[in-house]
Amino acid sequence: TQIQAAYGTAGEVRVFYEYGDMPIKNFSQGTWSGIEKLKGENLAKTIVKGHSACYNCPIGCWRYVEFNGVKGRAPEYEAVASLGSNLLIDDPYIIAKAVNLCNRYGIDVISLGVTISWAIECYEKGLLTKEDTGGIELKWGDGETLLKLIELVKDRKGFGKILAEGTRIASKIIGKGSEKY
C-alpha cells in the first residue's frame, strides 16, 4: 500500500520486475534496460501531474497526466506492462498518450498490448508481412506505430480490423502457426 500511495499502481513495476513477473517482449525476455524509465518513481518525475483517490480510499493510487493535449489517467501497472515492457516501449509520454486514446475509444490496454506483441513477433518470424499489415512495419519499441495501430483498431480499418479481434481470433485469421506466439 505504501508503494501505491507514493507512486500509484505503476509503483509495482519495480516489484514485479524484480520478481521476474513483468511481460517483456511478448513474454520472451526476463530482463530489459528500458524498465528503469517505466518504474513508478520515474513516471512521478516525468509525466504525473497529481493524484486522487476513490471515495473513502486511504491509498489514493490514482495518478493523472497533462501534457501536449494529453489529459487524463496516468498509466497504471497493467498499461505500463502491456503497452510498455511487453512492446519494448520505454517512453512514458507515448504510453500515457496510448492509454489516453484507449480510454477515450473504449479499448482494453491489456488485450491491445498483448495482441500487438503477438503481431510484432509474427512479423519478426515472417508469418506477417507488410502486405498483411497494410504497409506498416511492425517492430519492437516503436511508439509511433503503437499510436497508429490504436487508431486502426478503433476504426477497424486495414490490419486494425484483425488486431481488434484479439490474439485468439487474429491467429486463426492469419494461420501459419501464428497461434504459437
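Visitor: How far apart do the centres of the positive and negative side chains lie?
Guide: This is a predicted model, where local features need pLDDT of at least 70, side-chain atom pairs count only at pLDDT 80 or more, and totals for chains, interfaces and linings use all residues. Residues are numbered from 1 along each chain as its sequence is written, and side-chain values use heavy atoms, with hydrogens and water left out. The chain has 23 positive and 22 negative side chains (Lys and Arg against Asp and Glu; His and chain ends are not counted; charges placed at NZ of Lys, CZ of Arg, CG of Asp or CD of Glu). The centres of the two sets lie apart by 3 Å.

Visitor: In what order do the elements of the chain run?
Guide: There are eleven helices and three strands (DSSP runs numbered from the N terminus: helices are H or I with at least four residues, strands E with at least two). From the N terminus on, the order is α-α-α-α-β-β-β-α-α-α-α-α-α-α.

Visitor: What share of the 181 residues is buried?
Guide: Buried means under 20% relative accessible area, exposed over 50%, partly exposed in between, with a 1.4 Å probe and protein chains only. For the chain, the buried share is 49%.

Visitor: Why is helix H5 called largely enclosed?
Guide: H5 covers residues 77-84. Its buried residues include Tyr-77, Val-80 and Leu-83. They pack against several helices, among them H2 (12-19), H6 (92-105) and H9 (143-155). H5 is largely enclosed by the rest of the structure because its buried count is seven of the eight residues.

Visitor: Which backbone oxygen does the side chain of Thr-133 reach?
Guide: Thr-133 is in helix H8 (residues 130-133). Thr-133 is buried, at 1% relative accessibility. Leaving aside neighbours within four places in sequence, Thr-133 has contacts (heavy atoms within 4.5 Å) with Tyr-123, Leu-138 and Phe-159. At 2.5 Å, its side chain reaches the backbone oxygen of Ile-136.

Visitor: Is Asn-68 buried or exposed?
Guide: Asn-68 is in the loop between strand E2 (62-67) and strand E3 (70-73). Its phi is positive, near 40°, in a residue other than glycine. At 76% relative accessibility, Asn-68 is exposed.

Visitor: What is the relative accessible area of Leu-88?
Guide: Leu-88 is in the loop between H5 and H6. Leu-88 is not a glycine, yet has a positive phi of about 60°. Leu-88 counts as buried, with a relative accessible area of 16%.

Methods
Polar contact = N/O pair within 3.5 Å; in protein donor to acceptor, adjacent residues only side chain to side chain.
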